[in-house]
Amino acid sequence: LLQALDQALAASTPPHQHTTRALQLERQAADLEQQCQAAKQAMTADVVAQLQQISAQQSKIRDLKARLKGYEELLAKQDAALSELRSVVKLPAAYRGLLV
């Protein structure tokens, strides 16, 4: 089948046009390959940039979690201190109760 197509093409087109057409197709293929390489490089750069942004966001989240943990510990200490203050506020009434 391929031979038949080649023969039909050869019979209908002069040999120098085959060479010219082949060169055109080779140039087009080379151009397409360059475009694909450029697109691949651009996409790779975009992926790297996005991964760097994701990494930066993950670092910020990790830092925020550490700060939150510190705030939770501070809040627990303040809550304990307030609990002691609430007990101190109740002392006068308790003391009065003992005196009566």
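Which residues form a nonpolar patch on the surface? Tyr95, Leu98, Leu99 and Val100 do. The model is predicted: local features need pLDDT of at least 70, side-chain atom pairs count only at pLDDT 80 or more, and totals for chains, interfaces and linings use all residues. Residues are numbered from 1 along each chain as its sequence is written, and side-chain values use heavy atoms, without hydrogens and water.

**View 1. The whole protein chain.** The chain has 2 helices and 0 strands. Helices (H or I, at least four residues) and strands (E, at least two) are DSSP runs, numbered from the N terminus. Of its 100 residues, 1% count as buried. Buried means under 20% relative accessible area, exposed over 50%, and partly exposed in between (1.4 Å probe, protein chains only). The accessible surface is about 9400 Å², and 62% of that belongs to carbon and sulfur atoms. Areas follow the Shrake-Rupley method with a 1.4 Å probe; for residues, only the protein chains shown count as cover.

**View 2. The nonpolar patch.** Together, Tyr95, Leu98, Leu99 and Val100 have about 560 Å² of accessible area. Patches take residues with over 30% relative accessible area and no salt bridge; like charges are joined within 9 Å, nonpolar side chains (Val, Leu, Ile, Met, Phe, Trp, Tyr) within 5 Å. Leucine 99 lies in helix α2 (residues 15–99). Leucine 99 is exposed, at 60% relative accessible area.

**View 3. The salt bridge.** The structure holds 1 salt bridge (a side-chain nitrogen of Lys or Arg within 4 Å of a carboxyl oxygen of Asp or Glu). Aspartate 63 and arginine 62 meet there through their side chains, 3.4 Å from N to O. Aspartate 63 is partly exposed, at 41% relative accessible area. Arginine 62 is exposed, at 52%.
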